Amino acid sequence: MLSPWIGLSDPVWRDLEVMREEMNKLFGLGSPMANIRGVAQGTFPAVNVGETSEQVIVYVFAPGIDPAGMELTIEKNLLSIAAGRDTSKDIGEKPKPEGYYRQERFSGNFKRVISLPESIDPGKVEARYKNGILVVTINKKEEEKARKINVAVG
Amino acid sequence: MAETKDTQMAVSSEGRPVAASTKAPSSIIPPVDIYENDDGIILIADMPGVGKDSLEVQVDKNILTIKGTIEDIVPKELKPLYAEFTGKEYERAFTLGPDVDVSKIEANMNAGVLKLMLPKAEEVKPRRIEVKAG
């Protein structure tokens, strides 16, 4: 009854496919460049990591999760996040399997371990969940923070 | 792959480098669950980062479009170290059948999950047809 608007045969998708193949050659399965804790593309939830001069910030794209059920731990420079969601509960009634046309959303439990830069202070962490994104802010060690150096005239 | 001219940088009047291409970055296609029961169709989409105010759901003729913008959460001075998720705009569209009562569509946004209820028009709801013996 509902059909996607854009067909998969669109040339744009083929270009993307070529790009993905190139990326896979570099970092994907079978590549020595792949991180030992790395996950396959499209794994739920997606994670981004960035830094400022004072902090390292982790963004976890995990919509529809009860923050009370999230287990967040940090040990040395490893941050781990365990949580889950049951998408069948979103329907509002007990869904019959034959009622689904599409089931693209992740359902189940997950755990992700993220290796952070050595410069972080595991004692100073703050986590906030808003609009389905978990933002974990970790302060850097005092001695690792970028400092401005004044140049004296002389 | 993009041609070289698309990736070359030009310098704006302020002296900051800007991308020469004016092409808008492609939008993110949110994953969806679509379920049908006797009352209608339920569409659920994962759109992390989108709040109630940055969401747009519209029906034009029989095309249902959902759009959303990820609200700013990243500090300006942030240097990316690692990214699995890129993009800022979500967009996905579907063609609706004539049986959906477009005037009664309801949308609900919670924790980055959009739930759309697309009720069927009264006259198309399934009725049980009695089979007479004989």
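**Strands, sheets and the interface**

Reply: In β6(B), B:I66 is the bridge partner of B:V57. The model is predicted, so local features require pLDDT of at least 70 and side-chain atom pairs count only at pLDDT 80 or more, while totals for chains, interfaces and linings use all residues. Residues are numbered from 1 along each chain as its sequence is written, chains are lettered from A and ligands numbered from 1 in the order in which they are written, and side-chain values use heavy atoms, with hydrogens and water left out.

Me: How many bridges join β5 and β6 of chain B, and in which sense do these strands run, parallel or antiparallel?

Reply: Strands of a sheet pair through backbone hydrogen bonds, either parallel or antiparallel. Two strands count as paired if DSSP finds at least two bridges between them; strands are DSSP runs (E, at least two residues), numbered from the N terminus. Here, β5 (residues 55-60) and β6 (residues 63-69) of chain B run antiparallel and are joined by six bridges. Two residues lie between the strands of this hairpin, where B:K61 takes a positive phi near 55°.

Me: Which strands form the open sheet of three strands in chain A?

Reply: The order is β4-β5-β7 of chain A, with antiparallel pairing. The edge strands are β4 and β7, each pairing on one side only. Neighbouring strands are turned by 10° against each other on average, direction ignored; the axes behind this angle are lines fitted to C-alpha atoms, and angles run from 0 to 180 degrees between N-to-C directions. Five bridges link β4 (residues 71-75) to β5 (residues 78-85), with A:T73 partnered by A:S80 and A:L72 opposite A:I81. These two strands form a hairpin with two residues between them, and A:K76 in the turn has a positive phi of about 50°. On pairing with β7 (residues 108-115), β5(A) makes eight bridges; there A:S80 stands opposite A:V113.

Me: What is the strand order in the open sheet of five strands?

Reply: The order is β6(A)-β3(B)-β4(B)-β10(B)-β9(B), paired antiparallel. β6 (100-103) of chain A and β9 (106-110) of chain B stand at the edges with a single partner strand each, so one side of each is left without a neighbour in the sheet. Three bridges connect β6(A) and β3(B), and A:Y100 has B:Y35 as its bridge partner. Another pairing joins β2 (residues 46-51) of chain A to β7(B) by four antiparallel bridges, with A:G50 opposite B:P80.

Me: How many residues of each chain are in contact, and how much area do the chains bury?

Reply: Contact means heavy atoms within 4.5 Å, and buried area is the accessible area (1.4 Å probe) that two parts lose on being put together, summed over both. In this model, 46 residues of chain B are in contact with 46 residues of chain A. The two chains bury about 4,000 Å² between them, 60% of it on carbon and sulfur atoms. B:D33, B:I34 and B:Y35 supply 17% of the area that chain B buries against chain A, more than any other three residues.

Me: How many salt bridges are there between the chains?

Reply: A salt bridge is a side-chain nitrogen of Lys or Arg within 4 Å of a carboxyl oxygen of Asp or Glu. The count between chain B and chain A is seven; one of them joins A:K130 and B:E71 (3.9 Å, N to O).
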